[in-house]
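Let's take a walk through a protein together. Have a look at the sequence and the 3D view first, and then we will go from the whole chain down to single atoms.

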Amino acid sequence: MRLIPLPAFSDNYIWLLQDQQRLLVVDPGDAAAVLNWMTDHPGVQLDSILVTHHHADHTGGLPELVQATGALVYGPSLEKLPVTHMPVAEGDKLTWGALTLHVMDVPGHTLGHVAYWAQPTDHPPLLFCGDTLFSAGCGRLFEGSPAQMLDSLERLSALPDDTRVCCAHEYTLSNLKFALTIEPGNAALQAYAAQCRLQREQLRPTLPVDLLTERAINPFLRIRQATVRQCIDQHGGTVADDVSAFAALRQWKNEFQ
Ligand SMILES: [Zn+2]
């Protein structure tokens, strides 16, 4: 099995999972990127498409891809997509060849946002989390509440350490700038930032990243850490609970230059 981040637009990744002649695609915002890849890999058949949420940069390629390949589309039961899809929700299990994909409801960025987690036999666990968890950051709250997003992130964070986080945007360096403002003394964060800068200089993706790393460096997964909490308190006044701290941190990031 092969996992491929296919760049699209300015900073999206369309994730491809190839198992011999079969192809699964996650969040194809752009059909051309996927079709070009398929032209370069003759004989590989796209049969399944996973969608995490309804935003156009994740769904724009669906009509053309479905028409070209007849692939089955799975997506959130609570959201409307530009093509007919098989609705999925928390607890559902999808089978793709030998792989079982577990669906998780992760509202916050959008209300119906879902994530897909799988444990292949020949590859570390995979998490396709769309715009919920980013490396060193998290998605904006367009539809959901801070309480929903925090709960979603904590449930993703509880997955196995070696889970490969396959998020939908290359936002890592700008997220790291903010993370380093929150925890300037975090040695793991400094080391990770140096590694990511080098990867981007070489035009390589910083993703996927493993969850063990994310838990050590991502301020949105570290809301209970004293260092993170003190920083939030100093910035905007003392907050009473985890949800308020998360909301304050997310708001700060929205305004951060
Ligand atoms: Zn989005």
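This is a predicted model: local features need pLDDT of at least 70, side-chain atom pairs count only at pLDDT 80 or more; totals for chains, interfaces and linings use all residues.

The chain's secondary structure comes to nine helices and 14 strands. A compact globule with 257 residues would have a radius of gyration near 18 Å, and the protein chain agrees, because its own value is 18 Å. Among contacts with a separation of 6 or more, 59% join residues 24 or more positions apart.

Now turn to helix α1, residues 31-40. At its start, a side-chain oxygen of Asp30 comes to within 3.4 Å of the backbone nitrogen of Ala32. Which residues of α1 are buried? They are Ala31, Ala33, Val34, Trp37 and Met38. In an α-helix there are 3.6 residues a turn, so residues three or four places apart point the same way. The buried residues of α1 pack against the strands β1, β2, β3 and β4 and against helix α3.

Next, find the zinc ion. Its protein donors are His53 (NE2), His55 (ND1), His109 (NE2) and Asp131 (OD), at 2.2 to 2.3 Å. The angles among these four donor atoms run from 90 to 170°, and the site is irregular. Along the chain, the donors follow the spacing H-x1-H-x53-H-x21-D. His53 sits in the loop between β4 and α2, while Asp131 sits in the loop between β10 and β11, so this pair ties together parts that are 78 residues apart in sequence. His53 is buried, at 0% relative accessible area, and Asp131 also counts as buried, at 3%.

Note on methods:
Residues are numbered from 1 along each chain as its sequence is written. Side-chain values use heavy atoms; hydrogens and water are left out. Donors are N, O and S atoms within 2.8 Å of the metal (3.2 Å for Na, K and Ca); water is not among the atoms, so sites may look incomplete. Four donors count as tetrahedral if all angles lie between 85 and 135 degrees; four count as square planar and six as octahedral if opposite donors are over 155 degrees apart and all others between 65 and 115; anything else is irregular. Helices (H or I, at least four residues) and strands (E, at least two) are DSSP runs, numbered from the N terminus. Buried means under 20% relative accessible area, exposed over 50%, partly exposed in between (1.4 Å probe, protein chains only). Contact means heavy atoms within 4.5 Å. A polar contact is a pair of N or O atoms within 3.5 Å; within protein, one must be able to donate a hydrogen and the other to accept it, and residues adjacent in sequence count only if both atoms are side-chain atoms. The radius of gyration is taken over C-alpha atoms; the globule rule is 2.2 Å times the number of residues to the power 0.38.
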